[in-house]
Amino acid sequence: NLTAGQTLNLTETIASATNAFVLGFFIPRGSPSQGRYLGIWYYDVPQTVVWVANRESPIPANDSGAVLLLPNNGSLSILDGNGRKVWSVGDLPGSGSDAFAELQDSGNLVITQSNRANRVWESFRYPTDTFLPNMQFIVNTRTSESVLWRSWKSPVDPAPGPFSLGLDRYGQQLYLWNGSVPIWRSGPLRGRTFTGISNMSDFSIFGFNPMQVGDEYSISLAPNFTALTRFALEYTGEIKEYEWSSSNKSWNQAWLQFTTPCDFYDRCGDFSVCYQDRPEECECLTGFKRSSGGCVRQRPIGCVDKNSSGADAGWNSGNFEPLLRMKPPDHGTLNQSIVGQEGCQQWCLSNCSCTAYAYAQGMGCLVWNEKLVDLQQFMGVDDGISLYIRL
């Protein structure tokens with residue numbers, strides 16, 4: 001721990017209460033520049049860094065006088081050998097001489113004030129490339145501000161790479177972006193598992209916990225996950241789950257988000273389904289034909305836009321094609337006020353823009369308007385949801 005006015009030099013470290021994690025300066029293995037970074041790593045696995053502070057401002061190899069300083073106002077900073085500020089947590093609310101920085105056994109570096117009663121900053125709100133148990137994916141649905149994980153630039157360079165991971169603006173599902181382009185998504189939560197990830201039954205024992213506090217939505221790992229489980233956003237853009245093997249003294253890969261070409265975002269285009277087990281990977285939905293960018297409807301379906309009272313009269317027929325084991329298409333709208341599958345179907349029938357619907361316990365009624373994108377059918381009998389396409 002650090003109290004107000006204390007420093008940590010390049011050779012010193014701070015351990016959490018039960019020696020789960022360590023805070024200190026490190027040099028990435030194989031780094032050509034030999035620059036130093038402030039980071040957090042496992043006490044028993046020092047080569048696995050889970051958080052980096054000064055990602056874009058390494059301490060030069062020839063600077064032996066740099067320190068980490070906790071000033072009275074709590075604005076934790078890295079100063080180079082000449083006393084210049086290299087990195088800091090920024091301006092914090094409050095003031096006084098009782099600032100306190102603590103590395104917790106969760107791997108979270110926390111700064112408090114007012115006799116530790118007021119938490120003013122924590123590293124879990126500013127993650128790097130690693131998602132740990134007790135971390136949260138967070139988004140403010142009013143401002144669209146979100147907590148994002150960013151990959152390293154390379155295996156030896158902790159600078160932010162092109163890949164980022166976080167919740168969508170509605171707090172419903174995770175997206176992986178390459179720059180600003182989505183390349184993968186999890187699908188919305190159903191209960192404690194994501195509907196757009198195959199083999200999620202493996203996670204059902206633990207699962208993910210959604211929460212809402214005001215405008216802030218969050219999703220966290222259930223607390224049953226062990227401290228030596230981590231999810232890493234690799235510099236290649238892959239998301240991997242690792243579990244530590246105490247017998248082998250190594251990390252075992254337990255999960256990978258890209259297992260087939262169909263896992264890549266919008267593999268087949270509009271109104272086209274990606275199949276893992278068919279000779280033709282991409283096939284148009286029933287009633288659609290191949291076109292540039294996917295598929296288009298072969299003939300328009302009649303829908304009375306307005307009835308005599310001015311409300312949508314809906315589609316003039318009630319036919320839907322059920323598709324099983326489906327990853328829900330992107331851009332669905334969750335309507336929590338609709339009860340039951342029949343109510344969900346009736347809502348879709350009464351709205352001319354509705355092209356599909358899905359209803360599942362633990363999720364509710366999802367409806368889609370206009371085009372359907374990122375369609376995929378899974379192989380596992382317990383994967384995905386039943387999706388009803390408007391014919």
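Reader: In what sense do E13 and strand E23 pair, and over how many bridges?

Author: This is a predicted model. In it, E13 and strand E23 (residues 229-233) pair in the antiparallel sense, over two bridges.

Reader: Which residue in E23 stands opposite Thr 130?

Author: Ala 232 is the residue opposite Thr 130.

Reader: And in what order do the strands of that open sheet come?

Author: The order is E13-E23-E24-E25, four strands with antiparallel pairing. Strand E13 (130-131) and strand E25 (250-256) are the edge strands, each pairing on one side only.

Reader: Let us turn to the domains. What does the domain assignment give?

Author: The assignment gives domain 1 (1-126), domain 2 (127-259) and domain 3 (276-390). The C-alpha centres of domain 1 and domain 2 are 24 Å apart. Their contact takes 23 residues from domain 1 and 26 residues from domain 2.

Reader: How much area do domain 1 and domain 2 bury between them?

Author: They bury about 1,900 Å², with 61% of it on carbon and sulfur atoms. On the domain 1 side, Arg 55, Phe 124 and Arg 125 lose the most area to domain 2, and together they account for 37% of what that side buries.

Reader: Which residues touch the most other members of the largest nonpolar core?

Author: That core has 62 residues, and Leu 68, Leu 76, Leu 165, Leu 176 and Trp 184 touch the most other members. Domain 1 (1-126) and domain 2 (127-259) each contribute at least three residues to this core. Apart from it lies another core, of 19 residues, including Leu 323, Leu 366, Ile 385 and Ile 389.

Reader: What does Trp 184 touch, leaving out residues up to four places away in sequence?

Author: Among its contacts are Leu 165, Leu 174, Tyr 175 and Leu 176. Trp 184 also touches Ile 197, Ile 239, Trp 255, Gln 257, Phe 258, Asp 263 and Tyr 265.

Reader: A change of topic: where is Asp 374 placed?

Author: Asp 374 is in the loop between strand E35 (364-369) and strand E36 (375-377).

Reader: Is Asp 374 buried or exposed, and why?

Author: Asp 374 counts as buried because its relative accessible area is 2%, and the cut-off for buried is under 20%.

Reader: What joins the side chains of Asp 374 and Arg 185?

Author: A polar contact of 2.6 Å joins them. The Asp 374 side chain also reaches the backbone nitrogen of Asp 266, at 2.9 Å. Beyond four places in sequence, the residues that Asp 374 touches include Phe 264, Tyr 265, Lys 327, Pro 328 and Pro 329.

Reader: What about the phi of Asp 374?

Author: Asp 374 has a positive phi of about 60°, although it is not a glycine. Most residues other than glycine have a negative phi. Glu 370 also has a positive phi, near 65°.

Reader: Where does Glu 370 lie, and why does it count as exposed?

Author: Glu 370 lies in the loop between E35 and E36. Glu 370 counts as exposed because its relative accessibility is 52%, and exposed means over 50%.

Reader: Finally, which helix holds Gln 345?

Author: Gln 345 is in helix H1 (residues 340-349). Its relative accessible area is 23%, so Gln 345 is partly exposed. Leaving out residues up to four places away in sequence, Gln 345 touches Phe 320 and Tyr 357. The C-alpha atoms of Gln 345 and Gln 253 are separated by 41 Å, and the two residues are 92 residues apart along the chain.

How values were computed. Residues numbered from 1 in each chain as written. Predicted model: local features only at pLDDT ≥ 70, side-chain atom pairs only at ≥ 80, totals over all residues. Heavy atoms only, no water. Core = buried A, V, L, I, M, F, W, Y, C linked by side-chain atoms within 4.5 Å. Buried < 20%, exposed > 50% of the residue type's maximum accessible area, 1.4 Å probe, protein only. Domains from an automatic or database assignment. Contact = heavy atoms within 4.5 Å. Polar contact = N/O pair within 3.5 Å; in protein donor to acceptor, adjacent residues only side chain to side chain. Pairing = 2+ DSSP bridges. Buried area = accessible area lost by both parts, 1.4 Å probe.
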